[in-house]
Each structure stands twice: as structure tokens, then as C-alpha cells.
Amino acid sequence: MKTIFKNALFSLAFLATGGAQAAPIDLSFDNPYLVNLDTVISFSPADPATTSNIMRFTNVGTTGGLTLDARVTATPFGDYVFDWQAPNYKSSTVTEPNGDIGFLYRRDASLPADQQAEGGLVYLFELFDGTGAKSNTYTDPFVADELAIIVYDVDGELDNIGNQQSENLRVFKSDGLFSYNTGNTPSSLTANDLGAEILFEGPGTNFDEDDPSGAVRLNYINTSNFTLQFESITFADIFFLDNPVFSAIDGNLWIDFEEPPVVVSEPETLAFFSACLLGLASFRRKIS
């Protein structure tokens with residue numbers, strides 16, 4: 001009976017740590033649906049973008065014979081305004097990044113010149129069943145067993161006299177967040193576990209898009225939607241007061257992380273695990 005008990009504990013631990021999960025769905029955001037591409041990216045004029053805060057995508061991925069659609073919604077808050085978002089970022093290049101989502105937000109220019117700005121952008125990502133007649137309907141949420149994305153270019157700006165624009169990312173465990181990966185250099189994003197949330201703080205200086213220092217891989221289980229809350233402070237004496245903040249989302253995981261994932265202590269998973277352990281312990285006492 002001791003062997004049965006130990007095997008049961010091992011099985012529960014295996015499930016609780018994600019050992020039974022399927023491979024993450026490979027996502028690509030290169031098929032926008034009825035998106036009005038009414039502007040271009042200033043630092044990459046060959047790439048179109050939209051000033052609409054909602055983008056819909058068709059056929060972002062497939063799994064189990066199903067086709068998936070997606071919708072993203074960008075909502076600014078605080079002292080910041082939404083500028084644009086770009087599907088299939090950066091389609092003008094043959095190398096990565098490709099098939100991603102890029103977006104820009106900035107300090108509200110109507111603020112007084114000597115006023116520090118605090119706020120950011122809330123990014124809601126939703127998955128839908130887009131198989132057959134359901135394509136482009138965005139009515140039936142799809143729950144992914146396992147989903148991974150990379151958020152990159154979360155770093156910050158530092159001018160030559162030490163003025164700063166910070167960039168952070170806040171994510172929520174209740175969205176199904178299971179684990180995450182960050183870079184392994186001293187300048188990499190710093191993860192702060194705040195209980196129901198994890199705040200990733202940028203290094204406060206600029207890094208290249210393909211540098212893991214400004215990136216994080218987020219691994220989700222059993223989720224149909226998740227929220228990414230991008231946060232920034234633009235200090236009043238920065239070299240360019242309304243300096244925009246750019247970040248991007250990747251679904252085919254083109255940035256490599258050397259360190260293993262950090263498992264998140266998700267409250268519901270731990271509660272279920274503890275309840276099972278208690279039940280097994282009670283069962284063992286009864287048969288002893």
C-alpha cells in the first residue's frame with residue numbers, strides 16, 4: 001500500500017507541474033481579418049499598421065483538427081494613449097521577427113511639459129474556434145490545453161544624462177499562467193511574484209528585439225484568453241518627452257531562453273493538489 005500511495009503522489013505532482021500537457025500551439029498573426037491598415041510603422045515604413053484598438057485574425061493556428069481564430073484588444077490607461085498596432089510584424093523582412101504583433105503607445109501629449117506620466121496599455125488576447133462555418137465569427141471561445149507566447153522589447157530608455165522611461169509587464173495567474181522563462185543576464189527582466197500577479201520589471205535601457213534580456217516567455221494552460229498589462233513611467237525631464245513605447249507579441253517562440261521555466265504557484269492548482277494529498281493521506285490512515 002505504501003507503493004500505491006507513493007505512485008499516487010508522483011502522478012499528482014506530475015500533473016501539477018504540467019508533465020501531462022501537450023505541446024504548445026504554434027501561433028502566427030499573419031492573417032488579419034478586415035483590419036484597416038491605415039498607417040505605417042515609423043521605424044519600418046514598409047510595414048503597415050492600424051490605429052484601431054481591435055484586431056481580428058483568422059487561422060492563427062491549428063490543433064486537434066480545429067482551426068483557431070484570435071482577437072486582440074488594446075486599451076490605454078493612466079497618462080498614456082494608444083498609437084497603433086501591427087499585424088504580421090515584421091512582414092517586410094525574411095528573418096525573425098515575422099508573423100508577430102507589434103504595438104505602440106505613448107505619453108499623452110496634452111499633459112503639461114513638466115508632468116511625469118504614469119500608465120500604460122492593457123492588451124487582451126482571446127482565442128476562438130474558427131473551424132469551418134465558425135471561421136471569422138469570434139463567438140465560440142477555444143480553451144487551449146497549453147499555450148505559450150513570447151513578449152519582447154520590454155526594456156526602457158536611458159538617455160545620456162540619466163533620465164529614464166521605465167517599461168514593465170504585469171500578468172495574471174488567474175488567466176492560466178503556469179510558468180515563465182526570462183533571460184539569464186543581470187540586465188534581464190526581473191520577476192516579482194505578487195500573489196495573484198507577476199510583475200516583470202524592465203532593465204530601464206534599450207535592447208535589441210532578439211535579445212532575451214527584454215523578453216519573457218509565458219506558458220499558459222487551460223486558457224481561452226489572457227491579459228497583458230504593459231506599464232510605464234515617462235519622467236518629465238527625459239530627452240524626448242513623448243517618446244513612444246514599443247513592444248511585441250510572438251506566438252511561434254523564435255527567441256531562445258537558456259534557463260528552465262519558473263513554475264508559478266497558481267492558487268487553484270495548489271489547492272487541488274493539497275486536497276488530493278489530504279484525501280490520499282486520510283485513505284491511507286483508514287486502511288492502515
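**Close-up 1. Val151 meets Val216 of strand β14.** In this view, Val216 of β14 is the bridge partner of Val151. The structure shown here, as in every view below, is a predicted model. If you are tracing the pairing by eye, the step from Val151 across to Val216 is a handy place to begin.

**Close-up 2. Strand β14 and its pairing with β11.** How much of strand β14 is buried? Of the eight residues in β14 (residues 216–223), six are buried, so the strand is mostly covered, with buried taken as under 20% relative accessible area. Strand β11 (residues 177–182) also pairs with β14, through five bridges and in the antiparallel sense. Here Asn181 has Arg217 of β14 as its bridge partner.

**Close-up 3. The salt bridge between Arg170 and Glu197.** Now for charged side chains: those of opposite charge can pair when their charged atoms come close. The structure holds seven salt bridges, and one of them is shown here, with the closest N and O atoms of Arg170 and Glu197 2.9 Å apart. Which parts of the chain does this pair link?

**Close-up 4. A network of Asp129, Lys134 and Asp140.** Salt bridges that share partners join these three residues, Asp129, Lys134 and Asp140, into one network. Lys134 forms a salt bridge with Asp129, where the closest N and O atoms are 3.4 Å apart. The side chain of Lys134 also meets that of Asp140 in a salt bridge, at 3.3 Å from N to O. Is Asp129 buried or exposed? Asp129 counts as buried because its relative accessibility is 11%. Lys134 counts as partly exposed, at 33% relative accessibility, and Asp140 is partly exposed too, with a relative accessible area of 31%.

Methods. Residues are numbered from 1 along each chain as its sequence is written. This is a predicted model: local features need pLDDT of at least 70, side-chain atom pairs count only at pLDDT 80 or more; totals for chains, interfaces and linings use all residues. Side-chain values use heavy atoms; hydrogens and water are left out. A salt bridge is a side-chain nitrogen of Lys or Arg within 4 Å of a carboxyl oxygen of Asp or Glu. Buried means under 20% relative accessible area, exposed over 50%, partly exposed in between (1.4 Å probe, protein chains only). Helices (H or I, at least four residues) and strands (E, at least two) are DSSP runs, numbered from the N terminus. Two strands pair if DSSP finds at least two bridges between them.
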